[in-house]
Amino acid sequence: MLEATALRRVFAGSPAPAVDGVSLSIRAGQIVGLVGPNGAGKTTTVRMCSTLLVPTSGALEICGVDALRRTRAARAHIGLVLGGESGFYQRASARDNLLFFADVLRVPTAERPARVDRALRQTGLLDRAHDRVGDYSRGMKQRLHIARGILNNPDVLLLDEPTNGLDPEISADIRALIRELTAGGMGILLTSHLLTEMEELSDVIHVIMGGTLRASGTAGDIARAAGVQKVTTFTTAIGTKTATANLLARLDKRADVARSSTVHLEARQVCSVSWSEPPGDPAGIVEQAGEQVGVRIKDLSTRQPNLEESYLALVGRR
C-alpha cells in the first residue's frame, strides 16, 4: 500500500541530511512503527510519506501511484493525523468542522454527511457531534483528529504520536481504535515515544537515528540489533541509593553488560541489567556484586528484553 525507497531530505543550510536513505513499506492491515530520539528524522519521514514534503531524492509509491509525479492522485489514498490541541475551529461543532474538512478533502458532496457521521461513530464521538470543539477534552480532540484523518476512506493512515499527553485510559481507547482501523484493511504508519505502545501495536518496528534506519523488524529483531539477549531485574531498598549506584557501576565494567539502569520509587529502587552475552548464572553474579558493595538484592529475575530496553541499549551505542 505504501512503498518508500531510499528517501533522502536535505534542508537548506543544514550540514547533514535530516533523512538519509530511509526505505519502508506498509501492507494492508499492517501497523508499521517508527521510533527514534528527538531530531532523528521521524516527522520528516512522515511528512515525506504524506506528500507534504518533497524528498531531495528517493521514490514513493502509494497504492500503485507514483506519489512524486502524481501527488494529487496519491493523496486520495492517504489520511494524516498530526494531533495536538489546534487544527479545528474551536467555536464550531465537531460535525461542522468535519463537514468543512470533507469539502477540503474533495469528498463528494452527497456523501459528506454520511462520511462525517461514520467517522464520528468510529471514533466514539457521535453523541457529542453537535458540541463545540472548544468544549472537548484533549482526548476527545485527539479522537476528532483521527476522525478527520479517515474522512476520505484512506488506504494508508499516518499517525504522528496519536496518544501524546493523554491519560492511560484515553490512550488505551486510542490504541483500540487503531487496531479496529487495521481490521478493516487500513495500513498504518505510527510514530510514538511510548515504546510499550509501539511494541503492543506494531507488526514491524523501524528505529531511526541520525536520519538513517539502524534496526528493523520485531521487538526481538531490535534486541538482536542492540546486542541484548537477556535482562536481569531486581530491587534494592530506597535508603541504599549510593551503594546501588556503586553496584551498577561495578556491573557496567563487565564486557557482557550492554546497559544498566535504575528507577527510584517511594519504597524501593528498581534496577535492570541488560546482558549482551548472558553469563551462566546472571542472578548469582548480581547477588555477588550486591554483597561486595553491601546491598541486599530482592525480587531477582532474568527474562527476555522488551522493546524499551532494547531501544535504549541501541541508542546508547551511538
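1. Let's start with the overall layout. In this predicted model, the protein splits into domain 1, covering residues 2–223, and domain 2, covering residues 226–316.

2. Now to where the two parts meet. Domain 1 brings 15 residues to the contact, and domain 2 brings eleven residues. About 1000 Å² is buried between domain 1 and domain 2, with carbon and sulfur atoms giving 74% of that area. Three residues deserve a look on your screen: Leu-195, Ile-222 and Ala-223 supply 49% of the area that domain 1 buries against domain 2, more than any other three residues. As for salt bridges between domain 1 and domain 2, the count is zero.

3. Next, helix H1, which spans residues 42–49. Six of the eight residues in H1 are buried, so the helix is mostly covered, with buried meaning under 20% relative accessible area. The buried residues are Lys-42, Thr-44, Thr-45, Val-46, Met-48 and Cys-49. Just after H1, have a look at Thr-51, where phi is positive at about 75°.

4. Finally, a spot on the surface. Tyr-89, Phe-100 and Val-104 form a nonpolar patch there, and together they have about 310 Å² of accessible area. Phe-100 sits in helix H3, residues 94–104. Is Phe-100 buried or partly exposed? Its relative accessible area is 37%, so Phe-100 counts as partly exposed.

Conventions
Residues numbered from 1 in each chain as written. Predicted model: local features only at pLDDT ≥ 70, side-chain atom pairs only at ≥ 80, totals over all residues. Heavy atoms only, no water. Patch = residues over 30% accessible without salt bridge, like charges linked within 9 Å, V, L, I, M, F, W, Y side chains within 5 Å. Areas by Shrake-Rupley, 256 points an atom, 1.4 Å probe, with all protein chains shown as cover. Salt bridge = Lys/Arg side-chain N within 4 Å of Asp/Glu carboxyl O. Helix = DSSP H or I, 4+ residues; strand = E, 2+ residues; numbered from the N terminus. Buried < 20%, exposed > 50% of the residue type's maximum accessible area, 1.4 Å probe, protein only. Domains from an automatic or database assignment. Contact = heavy atoms within 4.5 Å. Buried area = accessible area lost by both parts, 1.4 Å probe.
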